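Please keep the sequence and the model in view while reading.

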Amino acid sequence: IFNVDFEHGGRFYGGFWQQIPSEYRQRVTIDNFLTFEMDYSSIHFSMLYQQEGIPKEAYKDPYTLEVEDAELRKIYKVTMNIMLNTSSFDEALKVCRKDKMLLPRNRYKNWTNLIQHILDHHQPIKKYFFKQIGTELQRLDSDIAEFVMLKMFNEHGVVVLPIHDSFLCRMKDLDKLIPIMHEAADAVAGLSLYMDIKAHS
């Protein structure tokens, strides 16, 4: 599905496994095999950092600022993606205030403080925020996903199920999927990306 034109969006939608809650998706099987989900970690922000010539080892997890905290990381992740898909600081602020997220008041007085903290922390890519470039980056990650799915099928006869920038596959196919995901990121976008594996049961 594209947004506006063929240079924006382009992600693969429609599969039932994308529509169900994540706790149910963990029970999806392929040919009666348990599945695992391989994910490109924080793909859009990794793209932006590498576009600025900064290797992945320099920033590792863009959604973790100073503190390793899972709940805080979720808030940063949502906020940063809002900032990437809005056209101004004020618009991002309005969206954050309307979102169901709870502001961590033990760390920030208001959403303005939190957004400014993110801008200060991510100075190297600050210029990309509030430019509504999220769908342009989706176009790139959709090309990477297409490369992965086609190569897995054409070379190994294996179907993997896309969930935007991650893939469900059988455990026995992980050894094929992981190198192809690395190859796809490099071949399509010249990127070296971290990946996460999410075991399903």
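This is a predicted model: local features need pLDDT of at least 70, side-chain atom pairs count only at pLDDT 80 or more; totals for chains, interfaces and linings use all residues.

## Aromatic residues

One aromatic cluster is made up of Phe45, Tyr63, Phe89, Phe129 and Phe130. In total, the structure holds 8 aromatic pairs. The rings of Phe2 and Phe6 form an edge-to-face pair, because their planes stand at 85 degrees with the centres 4.9 Å apart. Phe2 counts as partly exposed, at 37% relative accessibility, whereas Phe6 counts as exposed, at 58%. Phe129 and Phe130 also form an aromatic pair, but a tilted one, with 6.4 Å from centre to centre and 50 degrees between the planes.

How accessible is Phe129, and does it count as buried or exposed? Phe129 has a relative accessibility of 3% and therefore counts as buried. Phe130 is likewise counted as buried, at 15% relative accessibility.

## Charges over rings

Two aromatic rings are considered here together with a charged side chain. The ring of Tyr194 has the charged end of Lys56 over it, at 4.7 Å from the ring centre. Arg170 lies over the face of Phe33, and the distance to the ring centre is 5.6 Å.

Strand S4 (residues 33–40) runs antiparallel to S6 and is joined to it by 5 bridges. Thr35 stands opposite Arg170 in S6. Strand S5 (residues 161–163) is paired with S6 as well, in the antiparallel sense and over 3 bridges. Here Ile163 stands opposite Ser166. The hairpin of S5 and S6 has 2 residues between the strands, and His164 takes a positive phi near 65 degrees in this hairpin.

## Cysteines

How many disulfides does a search of the whole structure find? The search finds 0 disulfides. Cys96 is buried, with a relative accessible area of 1%, and Cys169 is buried too, with a relative accessible area of 0%.

## Nonpolar cores

The largest nonpolar core has 53 residues, of which Tyr40, Phe129, Val148, Val160, Phe167 and Leu177 touch the most other members. Two or more residues of this core come from each of S4, helix H3 (43–51), helix H4 (70–84), helix H5 (89–98), helix H6 (111–121), helix H7 (134–156), S6 and helix H8 (174–189). H4 gives the most to this core, with 7 residues. Apart from this core lies another of 6 residues, including Trp17, Val28, Ile30 and Ile163.

Which residues does Phe167 touch, leaving aside those up to four places away in sequence? Among them are Phe36, Glu37, Met38 and Tyr40, together with Ala145, Val148 and Met149. Phe167 also touches Val160, Leu161, Pro162, Leu177 and Met181.

Definitions and conventions:
Residues are numbered from 1 along each chain as its sequence is written. Side-chain values use heavy atoms; hydrogens and water are left out. Rings of Phe, Tyr and Trp (its six-membered ring) pair if their centres lie within 6.5 Å; planes under 30 degrees apart count as stacked, over 60 as edge-to-face and the rest as tilted. Buried means under 20% relative accessible area, exposed over 50%, partly exposed in between (1.4 Å probe, protein chains only). A charge sits over a ring if NZ of Lys or CZ of Arg is within 6 Å of the ring centre and within 35 degrees of the ring normal. A disulfide is a pair of cysteine sulfur atoms within 2.5 Å. Two strands pair if DSSP finds at least two bridges between them. Helices (H or I, at least four residues) and strands (E, at least two) are DSSP runs, numbered from the N terminus. A nonpolar core is a set of buried Ala, Val, Leu, Ile, Met, Phe, Trp, Tyr and Cys residues joined through side-chain atoms within 4.5 Å. Contact means heavy atoms within 4.5 Å.
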